[in-house]
Amino acid sequence: MISTVIFASLAVYSWKILGFLIPDRLIGRRGRLIAERMTVSLLAALVVLQGFSSQSVLVLDARAAALIVAGALLAMRVPYIFVVLAGAFVAAGVRFLGF
Amino acid sequence: MSRQVVSTSLSVGLATGLYGLSFGAIGSAAGLGVPAVMLLSLLMFSGASQFAFVGIIAAGGAPLTAISSAWLMGVRNSFYGLRLNTVIGPRGLWRLLAAQLTVDESNAVSAAQVSPRDQKLGFWLTGGAVFIFWNTATLMGALAGNLFGSVETWGLDGAAAAAFLGLLWPRLKNNLALAGVGALVALVAIPLTPAGVPVLLAAVVALLPVGGKK
């Protein structure tokens, strides 16, 4: 596992250092757009994966309630850190109540 | 307004740090062990990539899938680097260090400053603060996770879902259709494909003309 972690870290670092090494004019507007789009679609997939799945099975549980509350708080412009805390609080609370 | 840069940097560092608690706990609950979890925060140091890596390992995914998902999640750091290179212009070893501290938060705080001096200061202070708080919190989370048991009891899985939604939220305004398709692809792919593949398929969606605004 340690060697997998190190290899993955090097892979992630390769992106970070790449940005500092290549001249800006080689990337252009299209490259920047793809990076932004990739971030959006990956995050959307991660919300679904983290919120509605368990071991390759789709599930609806306390995490769905956490996501609904988090979405409502974000719409009310509540700071990020409180949104994350509310996610934990709601998921734990809903489970405590036995759902 | 350097004092404002200092307080912004430190509060962003602290806020992100608390989120590191849940990473530490989720990581150790995924069965990675404290050393592996700490190595992720020290060496990979990129929240979304770390969560993707741990999520796939926890779901029983292959190491190669975990590595490639973490790698793909990091693409945007390249583009932050492009910007930061012109703003802070680091030389030699400083360049290697600047690259390691290049994350969403350090770039965002830097980009929000007006004067070049504050942009530079904002990057180094935020990057440094996030690194210190994130790693301290990861260690605490990893140890507490082992002590107190289940991630579910503490709602940390709910916190992680909310955290991803919070990162996605400010980007939704211009990319709602794209996010919808990415989520839908993941939803369909989760029961049909091995762990990790749904996220990779969502990455492919970004290359297709979906929800395009040119």
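**View 1. Helix H4 of chain A and the helices around its buried side.** The buried residues of H4(A) pack against H3 of chain A and also against two helices of chain B, helix H1 (2-29) and helix H9 (156-192), where helices are DSSP runs of H or I with at least four residues, strands are runs of E with at least two, and both are numbered from the N terminus. The model shown is predicted, so local features need pLDDT of at least 70 and side-chain atom pairs count only at pLDDT 80 or more, while totals for chains, interfaces and linings use all residues. Residues are numbered from 1 along each chain as its sequence is written, and chains are lettered from A and ligands numbered from 1 in the order in which they are written. Among the buried residues of H4(A) are A:Val83, A:Val84, A:Leu85 and A:Arg95; a residue is buried if 20 or more other C-beta atoms, placed from the backbone, lie within 10 Å of its own, exposed if 12 or fewer do, and partly exposed in between. After H4(A) comes A:Gly98, which has a positive phi near 100°.

**View 2. The side of chain A that touches chain B.** The contact takes 61 residues from chain A and 78 residues from chain B, and two residues are in contact if their C-beta atoms, placed from the backbone, lie within 7 Å. On this side of chain A, H2(A) gives the most, with 18 residues. The residues on the side of chain A that touches chain B divide into 43 nonpolar, twelve polar and six charged, where Ala, Val, Leu, Ile, Met, Phe, Trp, Tyr, Cys and Pro count as nonpolar, Asp, Glu, Lys and Arg as charged, and the others, Gly among them, as polar.

**View 3. Helix H1 of chain A beside helix H4 of chain B.** The axes of H1(A) and helix H4 (residues 63-73) of chain B come within 8 Å and cross at roughly 25°, which makes H1(A) roughly parallel to H4(B), a term for angles under 35 degrees. Residues that make this contact include A:Phe7 and A:Ala11 of H1(A) and B:Ile67 and B:Trp71 of H4(B). By class, the contact of H1(A) with H4(B) has nine nonpolar residues, one polar residue and no charged ones.

**View 4. Two loop residues with positive phi.** A:Arg77, found in the loop between H3 and H4 of chain A, has a positive phi of about 60° although it is not a glycine, and A:Arg77 counts as exposed because it has 7 C-beta neighbours inside 10 Å. B:Phe45, in the loop between helix H2 (34-44) and helix H3 (47-58) of chain B, has a positive phi near 40°, and B:Phe45 is buried, with 24 other C-beta atoms within 10 Å.

Terms used. Axes fitted to C-alpha atoms, helices over the stretch in contact; angles between N-to-C directions. Parallel < 35°, antiparallel > 145°, perpendicular 65-115°, else oblique.
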